[in-house]
Amino acid sequence: MDLFEYMRNQEMESSAPLASRMRPTTLEEVVGQEHIVAKDKMLYRAIKADRLSSVIFYGPPGCGKTTLAKVIAGSTSAEFTQINATAAGKKDMEQVVEKAKKTMGMYQKKTILFIDEIHRFNKGQQDYLLPFVEDGTITLIGATTENPYFEVNGALLSRSIIFELKSLEVSDIKKLLQRALSNEEKGLGAFQAQADDEALEFLADVANGDARSALTALELGVMTTQPDQDGIIHITKEIASECIQKRIVKYDKDGDSHFDTISAFIKSVRGSDPDAAVYYLARMLYAGEDIKFIARRLMILASEDVGNADPYALTVAVSCAQAVERIGMPEAQIVLSQAVCYLASAPKSNAAYMAIEKASQAVEKTKTDSIPVHLQDAHYKGAARLGHGIGYQYAHDFPQHYVKQQYLPDSLVGSKFYHPTQIGYEKKIYDHLKELEDLD
């Protein structure tokens with residue numbers, strides 16, 4: 001590192017955002033995540049003993065993944081290198097590996113490579129790391145907000161220990177905010193700022209576990225608020241609310257939050273809990289989810305989970321989909337809420353869904369028998385002369401418009417695919433089919 005690079009790094013460090021400046025440098029300074037960094041836990045012992053193997057930190061934004069990597073950097077005797085997968089490529093990794101080989105050969109020192117946003121690397125880039133992680137040339141620390149079991153190669157996962165970090169509690173974030181206010185070297189202590197407990201509670205709560213958001217809001221408040229007559233910058237709840245005007249919702253439309261929330265939404269509707277269902281609906285709408293996506297899922301659910309227990313449910317869902325597409329937000333939320341409350345409150349049956357599942361399995365696993373002759377079409381050219389349609393009995397010519405005859409192919413005679421429940425309207429279907437059976 002030359003003088004100019006040193007001066008640049010010093011300037012960047014001093015002018016960095018508060019959340020970056022206040023990152024802990026030791027394990028003792030880390031707030032939260034006791035389930036993995038408490039003194040009796042494996043990660044704590046491994047860092048303290050400088051015996052860390054390859055790890056992947058997985059968790060929501062602002063929970064401390066990069067912080068833990070920085071703590072490891074300050075605690076290890078190994079060479080520590082950091083790259084970000086959003087900007088780095090294979091060439092950058094080649095340079096890291098080449099330098100790691102020289103460091104091991106010349107100084108017998110290991111190299112720890114921290115890759116932030118590791119899920120951004122494609123399969124080829126991740127595959128490149130495998131042999132060097134395998135032979136110990138580098139110890140990998142990966143950080144990701146996405147489920148590593150979906151986004152990271154299985155081969156890398158098998159060579160790494162996965163640690164899931166949780167969102168920080170309100171009390172954890174309040175502690176960090178108080179630390180930032182009092183720290184004169186790296187924090188806001190030199191500004192003589194004070195914050196009401198109500199303001200700190202508000203910031204910690206609205207940040208939804210994201211310490212970075214809370215610290216950024218606090219810094220904005222301190223830097224833009226004029227001191228009182230006594231020279232003290234006073235941060236009230238009103239000022240705090242101006243600095244973080246909307247609750248942080250962890251919702252990546254291509255990531256875990258998206259799938260977890262829609263899963264909870266569907267399961268709540270299926271479970272007949274309209275309160276939970278409309279809550280998850282509100283959560284998705286607040287985060288900007290596509291209303292057409294929600295409407296499509298409701299149409300599927302209306303058939304899959306409500307089915308013939310309330311055949312009108314599909315009509316409601318289809319009407320909802322048409323309405324939200326035509327009127328858009330914000331009024332579409334009313335239509336969605338109506339449909340969600342109706343579907344969640346409706347009687348449930350998956351009998352129709354199971355019927356097509358069983359029928360599809362039969363098609364897949366049995367040979368394709370000929371359609372019974374009496375069911376074959378007799379109208380196209382020459383079909384009647386071949387005997388097609390002969391013997392067919394027209395149901396409407398019989399009492400109750402029903403006549404027993406073979407409809408399934410020979411190999412499937414007697415098979416049952418649809419088993420109507422005795423719930424809601426489907427009980428009427430059940431009773432009707434039972435009456436027809438009794439006529440046989």
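Which residues make a nonpolar surface patch of about 250 Å²? In this predicted model, that patch is formed by Y353, M354 and I356. Patches are built from residues with over 30% relative accessible area and no salt bridge, like charges being joined within 9 Å and nonpolar side chains (Val, Leu, Ile, Met, Phe, Trp, Tyr) within 5 Å. The areas come from the Shrake-Rupley method with a 1.4 Å probe, and for residues only the protein chains shown count as cover. M354 belongs to helix α19 (residues 351-365), and its relative accessibility of 32% places M354 in the partly exposed class. In that classification, buried means under 20% relative accessible area, exposed means over 50%, and partly exposed lies in between (1.4 Å probe, protein chains only).

**Basis and confidence**

Residues are numbered from 1 along each chain as its sequence is written. Because the model is predicted, local features need pLDDT of at least 70 and side-chain atom pairs count only at pLDDT 80 or more, while totals for chains, interfaces and linings use all residues; side-chain values use heavy atoms, with hydrogens and water left out.

The mean pLDDT of the protein (pLDDT being the predictor's confidence in each residue, from 0 to 100) is 84, and 91% of the residues reach 70 or more. Among the elements, helix α1 (residues 3-15) has the lowest mean pLDDT, 51, whereas helix α18 (residues 332-345) has the highest, 94. Helices (H or I, at least four residues) and strands (E, at least two) are DSSP runs, numbered from the N terminus.

**Domains**

The domain assignment divides the protein into domain 1 (33-164), domain 2 (171-243), domain 3 (256-345) and domain 4 (368-439); such bounds come from an automatic or database assignment. The centres of domain 2 and domain 3, taken over C-alpha atoms, are separated by 39 Å. From the UniProt record, an unreviewed entry, comes the annotation "domain: AAA+ ATPase", covering residues 51-168; UniProt positions are given in the numbering used here, feature names are shortened, and annotations may be inferred rather than shown by experiment. Over residues 51-168 the chain is 42% helix and 23% strand, with 27 Å between the end C-alpha atoms.

**Salt bridges**

The structure holds 12 salt bridges, each defined as a side-chain nitrogen of Lys or Arg within 4 Å of a carboxyl oxygen of Asp or Glu.

| Pair | N to O distance |
|---|---|
| E219 and R21 | 3.4 Å |
| K174 and D197 | 2.8 Å |
| K174 and E201 | 3.2 Å |

In the salt bridge of E219 with R21, distant parts of the chain are linked, since E219 sits in helix α12 (residues 211-224) and R21 in helix α2 (residues 18-21), 198 residues apart. E219 is buried at a relative accessible area of 17%, and R21 likewise counts as buried at 18%.

K174 takes part in a salt bridge with D197, a pair that links helix α10 (residues 170-182), where K174 lies, to helix α11 (residues 197-206), where D197 lies, across 23 residues. K174 is buried, with a relative accessible area of 14%, whereas D197 is partly exposed at 47%. K174 also meets E201 in a salt bridge; because K174 lies in helix α10 and E201 in helix α11, this pair ties together parts that are 27 residues apart in sequence. E201 counts as partly exposed, at 36% relative accessibility. Elsewhere, salt bridges with shared partners join E79, K99 and K109 into one network.

**Contacts across the sequence**

T139 is placed in strand β4 (residues 138-144) and counts as buried at 10% relative accessibility. D310 lies in the loop between α16 (291-306) and α17 (312-327) and is buried, with a relative accessible area of 12%. The C-alpha atoms of D310 and Y425 are separated by 5.6 Å, these residues being 115 residues apart along the chain.

**Backbone features**

M329 and P330 are joined by a cis peptide bond with omega about 10 degrees, and P330 lies in the loop between α17 and α18. E117, which is not a glycine, has a positive phi of about 60 degrees; E117 is in the loop between β3 (111-116) and α7 (123-134) and is partly exposed at 23% relative accessible area. Q400, also a residue other than glycine, has a positive phi near 55 degrees. Q400 is found in the loop between α19 and α20 (426-439) and counts as partly exposed at 49% relative accessibility.
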